[in-house]
Amino acid sequence: MVSQGRAIGPPAVTLVEIDDPAMAGEGIDVLDLEALQLQSMPLRVRRVVVRLDACTVVYHSTNTRLRTRTSVREDRIAYVTFGPRAQGSVNGLPVFPGQLLAMEPAAEGSFVVDPGYEGIAVLVREQDIGGHLAVRGRATDFRRPSGVEALQVEAERVRALYDGGRRLVDIALREPRRFDEGRKERAAAQVDLIETLLATLDAASDFEPTRSERTQQAHSLVVRAAEDHALSRAGDPVNVTDLCRAAGVSERTLEYAFKAVTGLTPVNYLVRLRLHGVRRALLAATQASSTVSAEALKWGFWHFGEFSRAYKACFGELPSETLRRSSGERTE
């Protein structure tokens with residue numbers, strides 16, 4: 001469920017509390033996002049979006065281990081920094097406090113983050129940041145990121161960018177009208193944020209991954225290839241042999257990659273992937289248009305008792321309750 005009752009003062013400031021991974025992409029217009037919950041516990045994700053005139057700040061936090069596939073919409077570049085307890089990876093690159101990632105427009109980042117994660121993404125238009133640097137005589141300093149890249153920057157500078165973004169989010173939540181109605185306030189906040197970002201980028205250099213980090217990136221590609229294959233065959237039986245063939249690796253390499261990236265075996269990850277597929281289908285259905293057993297079969301579950309137990313362990317409710325609730329919401 002996405003709680004948007006407190007969508008504060010749109011469009012400048014939006015707060016969304018998410019307790020259902022199927023709804024992770026709802027209520028945001030600057031990112032495409034899909035989430036898969038890797039732990040069986042009640043989900044609490046908070047997202048705050050602050051829209052300034054020429055840039056957008058997005059804050060995320062989570063209480064549980066998640067895998068998300070996130071891409072930036074339109075012509076924006078995302079610069080992502082992480083909070084003091086952040087741990088995880090993005091496309092195999094490490095996530096930690098003091099790390100700065102750059103994502104080119106439409107590039108997809110496969111995030112795996114641990115409980116306590118907090119992240120700030122600053123989204124700016126490519127022409128805007130390039131324009132700032134050109135006027136300052138620093139046009140050659142601008143380099144469009146290729147895909148998702150880690151930048152080598154002094155940790156203190158990156159933390160200053162995170163702290164500035166977090167401070168902006170906190171003030172916007174306390175005083176949303178200042179951002180809705182006060183153009184001068186938005187402009188002043190934007191100046192501070194852009195100056196901090198440009199100072200951070202001025203000190204950035206290319207990140208050279210270690211041999212271990214290159215191995216992690218290769219593992220991430222294996223998991224993504226296997227996941228893409230499983231999703232493309234949602235209505236068909238998929239086994240480990242299929243995943244090995246799709247990823248072009250041995251069973252041992254596949255197992256090691258999944259454990260390293262997601263903390264789960266390929267089989268257990270497949271089960272979670274299919275459970276999330278059923279949940280999305282049930283949330284989009286009504287009792288008149290579908291049944292739990294029909295949707296479960298579409299995603300490869302034939303033992304309905306085991307399926308129901310696994311579904312409840314993952315989402316905290318029976319699949320029949322999801323369908324009943326979804327039908328009730330659609331008829332109200």
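Strand 8 (residues 88-90) and strand 11 run antiparallel and are joined by three bridges; strands here are DSSP runs of E with at least two residues, helices are runs of H or I with at least four, and both are numbered from the N terminus. The model is a predicted one, in which local features need pLDDT of at least 70, side-chain atom pairs count only at pLDDT 80 or more, and totals for chains, interfaces and linings use all residues. Residues are numbered from 1 along each chain as its sequence is written, and side-chain values use heavy atoms, with hydrogens and water left out.

Strand 11 (residues 108-113) also pairs with strand 6 (residues 66-72), in the antiparallel sense and over six bridges; pairing requires that DSSP find at least two bridges between two strands. Phe111 of strand 11 is the bridge partner of Thr68 and also of Val90.

Turning to a loop, Ser290 lies between helix 8 (266-284) and helix 9 (292-298). Ser290 is buried, at a relative accessible area of 12%. Leaving aside residues up to four places away in sequence, Ser290 touches Ala285, Glu295 and Leu323, where contact means heavy atoms within 4.5 Å.

As for confidence, pLDDT (the predictor's confidence in each residue, from 0 to 100) has a mean of 90 for the protein, and 95% of residues reach 70 or more. Over residues 1-9, pLDDT stays under 50. Where pLDDT is low, the predicted coordinates should not be read in detail.

Definitions and conventions:
Buried means under 20% relative accessible area, exposed over 50%, partly exposed in between (1.4 Å probe, protein chains only).
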